[in-house]
Amino acid sequence: MLSTNEAAKKLGIAASTLSRYIILGKIPTPKVVQAGLSTVHAWTEEEIEMVRKLLPKLKNGRKTRYKKKQSAKARKAQPGAAVPHKTRKPKKK
């Protein structure tokens, strides 16, 4: 049994990211163990390998380069709209 911190290290992601994925329901919740007053997730090797296979399929809110290009085309300025111009710095003599 491994803690969330140890599981995150094995997966190569931050522990906060792994915890966020659990809270959002993007990955299944591992076994929960009471350790005194705190609650700890106990990870098995099989659960870690299952999450390792799920990680590339998760949508993490970032846009890929291709999607950025597509969204830039969709956000074209309206015809006749005012366009801000760049200001030039005065040349030094």
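Predicted model: local features only at pLDDT ≥ 70, side-chain atom pairs only at ≥ 80, totals over all residues.
Residues are numbered from 1 along each chain as its sequence is written, and side-chain values use heavy atoms, with hydrogens and water left out.

User: Are α1 and α3 parallel, antiparallel, perpendicular or oblique to each other?
Analyst: Helix α1 (residues 4–11) and helix α3 (residues 45–54), both DSSP runs of H or I with at least four residues, pack at an angle of about 45°, with axes 10 Å apart. Axes are lines fitted to C-alpha atoms over the stretch in contact, and angles run from 0 to 180 degrees between N-to-C directions. Angles under 35 degrees count as roughly parallel, over 145 as roughly antiparallel, 65 to 115 as roughly perpendicular and the rest as oblique. The two helices, α1 and α3, are therefore oblique.

User: Leaving aside neighbours within four places in sequence, which residues is L55 in contact with?
Analyst: Contact means heavy atoms within 4.5 Å. With neighbours within four places in sequence set aside, the contacts of L55 are L11, I13 and Y21.

User: Is K59 buried or exposed?
Analyst: K59 lies in the loop between α3 and α4 (65–74), and its relative accessible area is 69%. With a 1.4 Å probe and protein chains only, buried means under 20%, exposed over 50%, and partly exposed in between. K59 is therefore exposed.

User: How far apart in space are K59 and K26, C-alpha to C-alpha?
Analyst: In sequence, K59 and K26 are 33 residues apart. In space, C-alpha to C-alpha, the distance between K59 and K26 is 8.9 Å.
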